[in-house]
Amino acid sequence: APAAPIPGQIQDNRARFQVNVGDVTLPDGVNRELLSIKYVKTAGGDPVYFIQRLQDQGNTEIDIANFESGTSYSVQVKLLVRFGGRLLGSAFSDAVTIVTTETGSPIDNLQDTISNFQASSRQSLDQARDQKETLKSQIIDVENRLHEVTTSGEEKIALLNKSTSNNFAGLQQTSNVLQQSRCHKDGIEFWENTVDIIATVRVNSMSECSARCADTDGCAAASVEFVHSGSQITSRNCQLGRTRNGAYFWGQKNHISTNLFCQLSEASTIDTWQKCIVKNKDFNGGDVPSTVGDGFSSIEECVAYCQRVNGCVSVTYARQTKNCYPKNRRNGNQLLSVSNVDSVNLMCLGANRGGRDRCTKEGVRFTGSLVSTSTRDTFEACVAWCVNLDGCEAVSYNSSSRSCEANRKRLGDSEQAQSGWKSLNIYCQGIQHF
């Protein structure tokens, strides 16, 4: 086992330690790979574990930022080494005891600020919903008097419509800020088991990495590593993973991570929520095993829970019991009428975000991954059909024949240039570019 970690700077709820793993003698062919850290309150409580990847074979530093202020902790470390295809672990080191200071943490203060911002933003959205209803009532009243109004009256209506548009534009901007703060985890790597890593690609930005994930079959989350040389960023490596938050959350400098399913729903507008929520309906059956949650105050919280549950694509929320039921089918096995129960399909929230123009590929037909076909009057109706069809990841539509093709792959097996066709990956619509 390595020697006990050596405390360095201790400030508020975080502390830094020197770990002399380089002093541990290893046989030839064995490499230092991971460091397991365990800490627990000396007054008693459950231990907390997390893992940090070793950047080289020498000594290293660890930074723990989740302590409580003014509290005594015992800290131990364990070395994990790679020998061939096996990962082997040492015993834990001797413990070192530290006591954090009473001063409030800047990180805690920042988190409080973010929480307050989210609460105030939610209140602003609620107020905007009320304003929208008032505006609707005003518009109906104006329409009833259209034949009586003069040119001056018509100008007032135009001003009212402009005011309404500006109001919704402000709402969308606020929603996008919320999505970025909630869905992008700065300083966090979603560490994946090797079998769950789809690919690692070079990108120019976090937005490009998110778009790559949306276009990659099976991708549920992405992490970007910003590689530095001195003070300059030399490259950005985008890791595409199958699980929504990775196997572990790692506190890693120069990383940003995002959950694709968080982005699909987090910045949806009020109109989108009202269009997608099915009131007094139960998506019966199709439950994700062992994931029922309770104590949720709204269907929005239920959807936020679903974002983190692997396999969850829709939810049913019971308003009286406040239970949340994650589903692995977009509309459950069957739709039942049940009072005080609401349901929503996450793909509907993403599909109504307004990204259709940006994501539609004109003159392109996705081929080789056909799930089903249907006849639909419009491209929008074709997309809506796909959103509610389990297994549909993308559509191709021909406006002349009104043929709608559902594909099980996000970009099909191939993209064929064919006149009269247009195609769309439904995951692309939910990605907001920042």
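In the predicted model described here, five strands form an open sheet in the order β9-β13-β11-β12-β10, with antiparallel pairing; strands, like helices, are DSSP runs numbered from the N terminus (E, at least two residues, for strands; H or I, at least four, for helices), and two strands are taken to pair if DSSP finds at least two bridges between them. The edges of this sheet are formed by β9 (184-191) and β10 (197-202), each of which pairs on one side only. Neighbouring strands of the sheet are turned by 40° against each other on average, direction ignored, where axes are lines fitted to C-alpha atoms (for helices over the stretch in contact) and angles run from 0 to 180 degrees between N-to-C directions. Residues are numbered from 1 along each chain as its sequence is written. Local features need pLDDT of at least 70 and side-chain atom pairs count only at pLDDT 80 or more, whereas totals for chains, interfaces and linings use all residues, and side-chain values use heavy atoms, with hydrogens and water left out.

The buried residues of α3 are M206, S207, C209, S210, C213 and A214, buried meaning under 20% relative accessible area, exposed over 50% and partly exposed in between (1.4 Å probe, protein chains only). Because these buried residues fall within an arc of 160° when seen down the axis of α3, they line one face of the helix, the arc being that of the directions from the helix axis to the C-beta atoms.

An open sheet of three strands has the order β1-β2-β5, again with antiparallel pairing. Its edge strands are β1 (6-11) and β5 (60-64), each pairing on one side only, and the twist averages 20° from one strand to the next. Four bridges link β1 to strand β2 (residues 14-19) in the antiparallel sense, with I6 standing opposite Q18 in β2.

Strands β15 (residues 314-318) and β16 run antiparallel and are joined by five bridges, Y317 having C324 of β16 as its bridge partner. Four residues lie between the strands of this hairpin, in which K322 takes a positive phi near 60°. Four of the five residues of β16 (residues 323-327) are buried, so this strand is largely enclosed by the rest of the structure.
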